[in-house]
Structure formats: C-alpha cells, structure tokens
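Trainee: Please give me a close look at one part of this model. How many disulfides does the structure hold?

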Amino acid sequence: MSATPTPAPTAALETNLDTRLPTGEADVAALVAQIRTWGAELGFDAIRIASIDLSHAEEGLQTWLAQGFHGDMDYMANHGLLRARPAELVAGTVRAIVARMPYLPHDTRGHTDQPAAGSDWRTVEWDRMRRPEDATISLYARGRDYHKVLRQRLQKLAEKIAGAVGPYGFRVFTDSAPVLEVALASNGGLGWRGKHTLLLDRDAGSMFFLGEILIDLPLPIDPPVEPHCGNCTRCIDVCPTQAIVAPYTVDARRCISYLTIEHKGSIPVELREAMGNRVYGCDDCQLICPWNKFAVPANLPDFDVRNGLDAATLVDLFGWTESEFNQRLEGSPIRRIGHERWLRNIAVALGNALRGPLPEASRAQLRAALHARADHPSELVREHVAWALAA
C-alpha cells in the first residue's frame, strides 16, 4: 500500500479526492451496495465499512495484557498496541471492510442420533452436556476450518472490488493477524461487543465468524450500533469456570475454550471438573444469551457437521489413533491442537464422567478406555489419564 494519506474532514471529501472512486455520492453508494451484494453471493450475511480508529480500545488492551489474562498466548502481547492500529499494521489503510458469516450447523443432533428438526438448537446442546458419556465440541468446530473458508471468500471479494475500481491496496484477515476484530466490527455496525466479549447482533445473535479486508480506499463509513445487553449478566453467571471476571473482560487462563485449544500444558487440576464433557471449546456463554434465539443457520455447506461430531461418545473419540485423528480431521480447525492435546482433553472428560453416577457397565467401559492409554508415550496424556482413573 502507499503511505497513509492526510485525513480529510469528511468521508465524502476523501472520496472526491480519490480518483479510483466515483465522484458522485450516489455512485459511491452504488459501489458500496454492489460490494454488499458480492458479499452476500459469497456467503456473508452482512458487510459493513468500518472506521479504523481503535484508540478507544487501546487502554483496555493494555490493561488486559498487564493482568496476564492472555495466558500462554504470547502472540497477543508480542504485537502490543499494533492490534489497535491497523494503519501501522498495513501501511496506507484508511478503512476496513468488515464481514460476518454464520456458522450454526443446519442439523444439530440429540441423543436420538437424528436431526433435531423443529427443536431449539440450544436445548439440544444443553442436553448433550448433561450426558456425561457424550463429547461436546464447540459448534463452530464441527465442520470445515473457517480460516480457509473466510480467507478465500474475502480474497474473492477484494478481487471483485479491484475489478470495479482498478488496482488498490488491500489485505485480507480472519483471526489470523494482530487485529482487534470485534472492535473493528463494532466500529462498522456489525453488532456490539457483548459482556462475554463476543460480537452480538439483534438479528443474528453471536453464532458467526468475522473477517476483515484492510483497504486504502476511503469508502463512506457505516455507523456503530447501540449495545443491547442492558443489565443482563447471564453469560457471566453461566460460565463454568468463572472466566468472565467482569463485564467485557475474560481471563483466558480460566476459559474452557482457551484450556482445550490454546493451552499446551497440563490443565489446572482445580478447573478440570468444571470442564464437564467439553473436549474442544465451550459455547455456554452463547447458549445462554437471549439474542441467540435469533441465530441463523450457516449459508455454506462447509460448516455442516463432519465425522458425526455432534453425536460422538468420549470412548469413540478417545480410541482414535494419531493417524485416524489426522485423517478424520483433515480440513478441521480441531486438527491444529494435535492428537496429544485431543487425548488430554478427552481424558479429563472421561474422569468427570466417572466422578458422577453411571451404570456399572458404562463405568467399566470408560475405565477400560482410560487403561488402554495409561502407558501412552506422552507424559501429558499419562498425567491426565491417571487423574481420570483416580475418580
């Protein structure tokens, strides 16, 4: 990109000074409308143009990092305030195209192993967590890796824009660079930041992925929307490990999503029982949120459930060899944690199941599965298996 231009007083004046864009406001509005149409054709349910001014988020980011709430995620601290300064991350950036893509699978199965047609998907998920022998995997991770899906489609959107305006500077991101995605999306009016720190929208809840295209085109900015959480604290109250330590603040070191995905070492003993049967991620704060009654199903088949991950048992998943794990989960976001951490997570869930009431036959089956991994080459796996067997 070229050097960042001198800011102009208004978006309209900026547009008039940029020869790559139409000179009339109606023509610029038509271009933006066309960008939204292209986005919809690519599977996005909302496209907005956001201001890149994130100065309001800098103090909160600094405080969060200073408190160590990022845990082992050193990359969060390595880039520091660069996350709140898109124009420093990509020189020449003056706007962000922010995009939203729903991921809620169309078919969410309950204990009958049949699609829960007509059922409230949240009820199905709560029921799953009450069955200790079943595995609970975060809804977003049951299909294809969203990084690839969004990145490819954002790239196509960026190229379509180039076809309309000619060469311009852009870079595509989706959870892949030091960018404060929720803050950018909030700037552009895709939703507001909920108390669980996720983006919320009145018409779509929070069951969607976010992506951005940082651009050097001074397109007119969409306004933010008002927050609508009010006095509600359900997400804070429901968190199994009390990771939401205050409204809009998550201590990642206590978050089940962090523990099962980002954390590489031993899961703290004091947090293991609270994990229940959640073996990859946690959706509790989203399941309880009233706005998610408006969550919409995915637009793309990429997020359809694969490998029966919406109706899998702990014993079945624990029995996967490393080669089976890699083969079955090719193209899945789960694969990046590796087989060792997969077994670690499931061992904790098996131990939690054994700590509750179970039929004797089920108890014997779970213990047999654990004993089969008791001499695993990984010390990490052996430790968690031993903890589980001590139930």
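**Cysteines and the open sheet**

Mentor: The structure holds zero disulfides, a disulfide being a pair of cysteine sulfur atoms within 2.5 Å. This is a predicted model, in which local features need pLDDT of at least 70 and side-chain atom pairs count only at pLDDT 80 or more, while totals for chains, interfaces and linings use all residues. Residues are numbered from 1 along each chain as its sequence is written, and side-chain values use heavy atoms, with hydrogens and water left out.

Cys232 is in no disulfide, and its nearest cysteine sulfur, that of Cys235, is 6.5 Å away. For Cys285, likewise in no disulfide, the nearest cysteine sulfur is that of Cys235, at 6.4 Å. Cys285 is buried, because its relative accessible area is 18%; buried means under 20%, exposed over 50% and partly exposed in between, with a 1.4 Å probe and protein chains only. Cys232 is partly exposed, with 27%.

To turn to the sheet: four strands form an open sheet in the order S1-S2-S7-S4, with antiparallel pairing. Strands (E, at least two residues) and helices (H or I, at least four) are DSSP runs, numbered from the N terminus, and two strands pair if DSSP finds at least two bridges between them. Strand S1 (46-50) and strand S4 (170-173) stand at the edges with a single partner strand each, so one side of each is left without a neighbour in the sheet. S1 pairs with strand S2 (residues 95-102) in the antiparallel sense over five bridges; Ala46 has Arg100 in S2 as its bridge partner.
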